[in-house]
Amino acid sequence: MNQLFTAGGVVMWPLLAFSVVAIALIIERVRFWYRINTRQHRVVREVLNLYRLDNVVGALDKLQKNADLPIPRIFLAALQLEEPTPEEFRLALESEAQAEIPVLKRFQNMFETIIGLAPLLGLLGTVLGLIVSFASLNLGDVGGTKTAGVTAGISEALVSTASGLIVAIFTLLFANTFRGLYQRQIAGMQEYGGQLELLYRRRYERGDRTYASTR
């Protein structure tokens, strides 16, 4: 590892920092999406079934116990209103869904920064390595003592370029995965929010006033 950093030159240190930050953010996002994907679908289906069976209190209890998930928080924001109209209910769902978007997209800008800067740092290392090579090059001394300086410069150029690409590719792989999970989550919020809104509208039209919390 020491030899690798020595060969890659000064740009290896910011690339190391980028890789450490990327790994930490990836671990946090993996835990976040694992919690959502393993629990949320089941919880939301149970809540919708309870609400469909007029068990509003049971549905609210289930939501409050799972308030660490995005869609349950959205449902709670609407169901805890005091006798809203269907339009107010829909607006509550939509506004809370908008509030959840930054949570779902957390660290996306950081991933994009790392993906963009890592190859540029690798390119900078390439330029610096070539500068070292040309500075050491002496046409009158080909095969002489200064050949080591040329070799070191070329090694720095290649190692730094490869390291920058590796960091960028690794981060991009996970960033695209998280982006896909985010898009699926948005689709799920729209689907389940529409189902809850339809159920609420039906209760409202038949005059049932037990829409919100009865605690």
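This is a short chat about a predicted model of one protein chain.

Q: What average pLDDT does the chain get?
A: The average is 86. A score of at least 70 is reached by 82% of the residues.

Q: Where does pLDDT stay under 50?
A: Over residues 211-215. The model still has 17 contacts beyond four places in sequence for that stretch.

Q: Why be careful with those coordinates?
A: Where pLDDT is low, predicted coordinates should not be read in detail.

Q: Switching to packing. How many residues are in the largest nonpolar core?
A: The count is 39. Trp33, Tyr51, Phe75, Leu104 and Leu196 have the most contacts inside this core.

Q: Which elements give two or more residues to this core?
A: Helices H2 (12-52), H3 (56-65), H4, H5 (86-104), H6 (108-136) and H7 (147-205).

Q: And what does Trp33 contact, leaving aside neighbours within four places in sequence?
A: Leu104, Phe178, Leu181, Tyr182 and Gln185. Leu104 is also on the list of residues with the most contacts inside the largest core.

Q: What about a second core, which residues does that include?
A: Met12, Ile114, Ala118 and Val167 are among them. That core is separate and has ten residues.

Q: Now Ile74. Where is the place of that residue?
A: In helix H4, which covers residues 70-79.

Q: Is Ile74 buried or exposed?
A: Buried. The relative accessible area of Ile74 is 4%, so Ile74 falls under the 20% cut-off.

Q: What does Ile74 touch, not counting residues up to four places away in sequence?
A: Leu93, Glu96, Ala97, Glu100 and Met189.

Q: On to the surface. Which residues form a nonpolar patch there?
A: Leu117, Leu120, Leu123, Val127 and Ile131. Together they have about 440 Å² of accessible area. Leu123 sits in helix H6.

Q: What share of the residues counts as buried?
A: 40% of the 215 residues.

Q: Last one: of contacts between residues at least 6 apart in sequence, what share joins residues at least 24 apart?
A: 77% in the protein chain.

Conventions. Residues are numbered from 1 along each chain as its sequence is written. This is a predicted model: local features need pLDDT of at least 70, side-chain atom pairs count only at pLDDT 80 or more; totals for chains, interfaces and linings use all residues. Side-chain values use heavy atoms; hydrogens and water are left out. Helices (H or I, at least four residues) and strands (E, at least two) are DSSP runs, numbered from the N terminus. Buried means under 20% relative accessible area, exposed over 50%, partly exposed in between (1.4 Å probe, protein chains only). Contact means heavy atoms within 4.5 Å. A nonpolar core is a set of buried Ala, Val, Leu, Ile, Met, Phe, Trp, Tyr and Cys residues joined through side-chain atoms within 4.5 Å. pLDDT is the predictor's confidence in each residue, from 0 to 100. Patches are made of residues with over 30% relative accessible area and no salt bridge: like charges are joined within 9 Å, nonpolar side chains (Val, Leu, Ile, Met, Phe, Trp, Tyr) within 5 Å. Accessible areas come from the Shrake-Rupley method with a 1.4 Å probe; for residues, only the protein chains shown count as cover. A salt bridge is a side-chain nitrogen of Lys or Arg within 4 Å of a carboxyl oxygen of Asp or Glu.
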